[in-house]
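Colleague: I would like to learn how to read aromatic contacts and strand pairing in a model. Could we go through them together?

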Amino acid sequence: MSDTDLNRRALLRGSAAMGAALGVSAGLPRPLFAQAIGGAAVPTGTALPARGELLVRGATILTMDPAVPDLAAGDVHVRDGAIVAVAERIEAPSAEVIDGKGMICIPGFIDTHFHLWNSLFRLYVRGDTPALGYFPVTARLGPLMSPDDSYRSVRLGGAEALAAGVTTVHNWAHNTRSPEHAAAELTGMRETGIRGRLAYGTPVGYADGAPMDFEGLARIKKEWMPDREGMLTLGVCSRNLGALTIGGSASLASRGVLTIDQIKRDWDGVRALGLPITMHTSGASPITELERAGLLGPDVQLVHPLLTTAEERTILKERGVSYSTSPQLEARRSSKLGVIQLGELLEAGVKVSLSTDHIASASCDPFASMRLLFALHAHRIGAAYPLSMKRLLQLATIDGAVDLGIADRTGSITPGKRADLVLVRTTDPNTAPAGDPYEAIVALAMPGNVDTVMADGRVLRRGGKFTALDHASVVAQAREAAARLRAEAKWPT
């Protein structure tokens, strides 16, 4: 029997188990994800706040647009989800005023690599206990996930991202067990109100020799894209090329390691559908081999820049490839596995962006990520390649938009772009009194200082609280799903 047939049978068994997971058996969680697939799916989530006319008044404004000057105190006018104007003083009598005094207004953070599907595993993952590490836990529980579990996990991760000021997320779904799972994740993203891309992947435990699910991928593209509100896009996360250097046997067995011919087979199929590609480089750098095979291009994003050579960085620049760095978790790796090459990539002119990776054993904290990058850069390189606080905020905002191909819509506070805005308090104990605003954001601020979050003109958080999302319910639902998965796995034994 072929690897493909074996995987199809495994997925069918998973579908049968899914029926039980959706509440057929007594004592299991009540399903939240009500419709299996289709862009018109309307599960039971909370309605999003309406878009209206808003005026952010009197904030320090960091635009991330060289054509729109920063303002020590200014206004941002928003109407129907779009930024209308940015100026020192705007009169908009019909607008609802959001008082920005004592706050810094920045574009929403853009997280370019975030595995939302395993957010609920933070109950079990231990960073200091190898047997309970990220890879063993996700390898054990990932194959048991139903679409409803994926939906709950995405809502948990999406809520945390919004609370940290992230308004766009690249949802790296490398446990897409069926198109129904993909639809569940897209639905979870839509319900939180976050902007983002779903990167459709292959299931944990999928055989290396089997091609990815092009039929399911095409189905999701047909039924979900283009997204009716322009908030969601679609891409593909590829399995690795070459042996991995992290995660040990659990990673090798669960995530896939392909040959260059298998990579080409998958990427050719993805490109036939006109979709972008992303891939981890958690091992020896695959860039030279990908280049020899003619596979690199501006539709490719790589993740974890640790082991590139100067020649490879030249190739990345020439081909328009982007690199996402996840410093909070990359910094936990042994230096023998490479160092975060931010300075080298920037000096070579390679597109770089910032990401969380996952929250199973970390928190979504773009402020901490920027600080860590600055510290590591100063420790390794120092003044040899100067790195400013402003440059770090660019990495976390406009550069992420460039990476995901949405810089015409978001990433800066520019009239005509969509209103993805964050207000950060500078009157809290850890930020007051604030001096230089870039220093305050990068060196001092934390998610707890995020006061207001606006995505596409919808105010999703205000005064440090969700305006519509019932966070306690989201957490309870994720906990319930995690407990069910653990019981089904009979783990730990």
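This is a predicted model: local features need pLDDT of at least 70, side-chain atom pairs count only at pLDDT 80 or more; totals for chains, interfaces and linings use all residues.

Colleague: How many aromatic pairs does a search of the whole structure find?

Modeller: A pair of aromatic rings is described by the distance of the centres and the angle of the planes. Rings of Phe, Tyr and Trp (its six-membered ring) pair if their centres lie within 6.5 Å, and planes under 30 degrees apart count as stacked, over 60 as edge-to-face and the rest as tilted. The search finds 4 pairs, among them phenylalanine 109 with phenylalanine 367, which is edge-to-face at 5.1 Å centre to centre and 90° between the planes.

Colleague: Are phenylalanine 109 and phenylalanine 367 buried or exposed?

Modeller: Both are buried, where buried means under 20% relative accessible area, exposed over 50% and partly exposed in between (1.4 Å probe, protein chains only).

Colleague: Which strands pair with β16?

Modeller: Two strands pair if DSSP finds at least two bridges between them; strands (E, at least two residues) are DSSP runs, numbered from the N terminus. Strand β5 (residues 103–107) pairs with β16 in the antiparallel sense over 5 bridges, and 4 bridges join β16 to the antiparallel strand β17 (residues 450–455). Leucine 423 in β16 stands opposite cysteine 105 and also opposite threonine 452 in β17.

Notes:
Residues are numbered from 1 along each chain as its sequence is written. Side-chain values use heavy atoms; hydrogens and water are left out.
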